[in-house]
Amino acid sequence: MNKVYYAEKGLYVGITAIICAFYFFAPTLFTFKSSLIEQNGEIENLKTFYTQVEDSRGSKSIKSELKFTLNSTQSIYILMKNIGQSRYYERFEKLEKQLKKSERATVWIKKNQKEDYKPIVFQIADRNGKILYDFEESKSHSKFGFRISIGLGIFGIGLYLRHRYMKKSSLQQRI
């Protein structure tokens, strides 16, 4: 077993994991309510979809998506969650019914995504202002991914540093 090889791979994996944490998860996780704008309008094309997805290891699971548009914007608003093997996701089904009943909605997105085709949805309210999809609920997905990526990054870099500096200190103790 070549420890140097695995230690160097640990460094690369660690750096990549930390970069991914800040590139993919941090922009959502570190978004504040003050940086959001409201999009209002009548709900159109509201539908919940279920799609079978396969990961790189061949494992299959189901992805649930709630998609809708507002008549006042050109954007498509999407909420997405991997629901494992279940063929039904009660949270999105309930949200779909609430939005159909309301007919109008307010969606909060980042100011800089106002013109984007698929902006990230941070909060949804019905016509009466009742919050249906909460700001904290939207950020909860990023919290988990960020923690895992940072943990993997620290582990990989730590593995490399431990191998590199433990080897030097053991040589110095022999002399």
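Strands β1 and β2 run antiparallel and are joined by 10 bridges, where helices (H or I, at least four residues) and strands (E, at least two) are DSSP runs numbered from the N terminus, and two strands pair if DSSP finds at least two bridges between them. The model is a predicted one, in which local features need pLDDT of at least 70 and side-chain atom pairs count only at pLDDT 80 or more, whereas totals for chains, interfaces and linings use all residues. Residues are numbered from 1 along each chain as its sequence is written, and side-chain values use heavy atoms, with hydrogens and water left out.

Strand β4 (residues 104–110) in turn pairs with β5 (residues 123–126) over 4 antiparallel bridges, and Trp 108 stands opposite Gln 123 in β5.

Taken together, 6 strands form an open sheet with antiparallel pairing, in the order β3-β2-β1-β4-β5-β6. The edge strands, each of which pairs on one side only, are β3 and β6 (131–133). Neighbouring strands of this sheet are turned by 40° against each other on average, direction ignored. Helix α2 (residues 90–102) packs on the sheet, where it touches β1 (36–54), β2, β3, β4, β5 and β6, and its direction makes about 145° with that of β1; contact means heavy atoms within 4.5 Å, and axes are lines fitted to C-alpha atoms, for helices over the stretch in contact, with angles running from 0 to 180 degrees between N-to-C directions.

The structure holds 7 aromatic pairs (rings of Phe, Tyr and Trp, the last by its six-membered ring, with centres within 6.5 Å; planes under 30 degrees apart count as stacked, over 60 as edge-to-face and the rest as tilted). One of these is the edge-to-face pair of Phe 22 and Phe 146, at 5.4 Å centre to centre and 90° between the planes. Because Phe 22 lies in helix α1 and Phe 146 in helix α3, this pair ties together parts that are 124 residues apart in sequence.

The largest pocket has a volume of about 640 Å³, a pocket being an open set of points on a 1 Å grid over the protein atoms alone where a 1.4 Å probe fits, with protein on both sides within 12 Å along at least five of seven lines, and lining residues having an atom within 4 Å of a point. The volume is the space filled by probe spheres set on the points, which are joined across faces, edges and corners. Of the 22 lining residues, the closest to the centre of this pocket are Ile 78, Leu 79, Met 80, Ile 120 and His 141. Two or more lining residues are given by each of α1 (3–29), β2 (60–70), β3 (76–82) and α3 (135–174), and the largest share, 6 residues, comes from β3.
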